[in-house]
Amino acid sequence: MKIKVEKKLLNGEIIKTEELFFNIPKSISDELNWEDGTVVEWEVAGFMENDKEARIVLRNIDDNILE
């Protein structure tokens, strides 16, 4: 897993972009069938008993609600 942070100057303001890279099995990727550019919502669904891991939900958001 890798986190990439990028900062850009846009109209005099610093814009910060964070990207999380992780691997999943190809069979899951194939089943989801999300296209590049798919808008995804992130939700913390809880924490594991060891308090060192979080359970994360990635939810595919229909582009039409953003219009």
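Modeller: Let us begin with touching: a contact means heavy atoms within 4.5 Å. In this structure Gly46 touches Ala54 and Arg55, leaving out residues up to four places away in sequence.

Colleague: Before we go on, what kind of model is this?

Modeller: A predicted model, where local features need pLDDT of at least 70 and side-chain atom pairs count only at pLDDT 80 or more, while totals for chains, interfaces and linings use all residues. Residues are numbered from 1 along each chain as its sequence is written, and side-chain values use heavy atoms, leaving out hydrogens and water.

Colleague: What share of the 67 residues counts as buried?

Modeller: Buried means under 20% relative accessible area, exposed over 50%, and partly exposed in between (1.4 Å probe, protein chains only). By that rule 1% of the 67 residues of the protein chain are buried. Among contacts between residues at least 6 apart in sequence, 9% join residues at least 24 apart.

Colleague: How should I read E3 and E4?

Modeller: Two strands pair if DSSP finds at least two bridges between them. E3 and strand E4 (residues 54-60) run antiparallel and are joined by seven bridges. They form a hairpin with six residues between them, and Asp51 in the turn has a positive phi of about 60°. Phe47 stands opposite Ala54 in E4. Gly46 lies in strand E3 and is partly exposed, because its relative accessibility is 21%. From Gly46 to Ile56 the C-alpha distance is 7.5 Å, with the two 10 residues apart in sequence.

Colleague: Where is Asn11 found, and where does Asn33 lie?

Modeller: Most residues other than glycine have a negative phi. Asn11 has a positive phi of about 55°, and so does Asn33 at about 55°. Asn11 is in the loop between strand E1 (2-10) and strand E2 (13-21). Asn33 is in the loop between helix H1 (26-32) and strand E3 (40-47). Asn11 is exposed, with a relative accessible area of 76%, and Asn33 is exposed at 62%.

Colleague: Which residue lies over the face of Phe21?

Modeller: A charge sits over a ring if NZ of Lys or CZ of Arg is within 6 Å of the ring centre and within 35 degrees of the ring normal. In this model Lys2 lies over the face of Phe21, 5.1 Å from the ring centre.

Definitions and conventions:
Helices (H or I, at least four residues) and strands (E, at least two) are DSSP runs, numbered from the N terminus.
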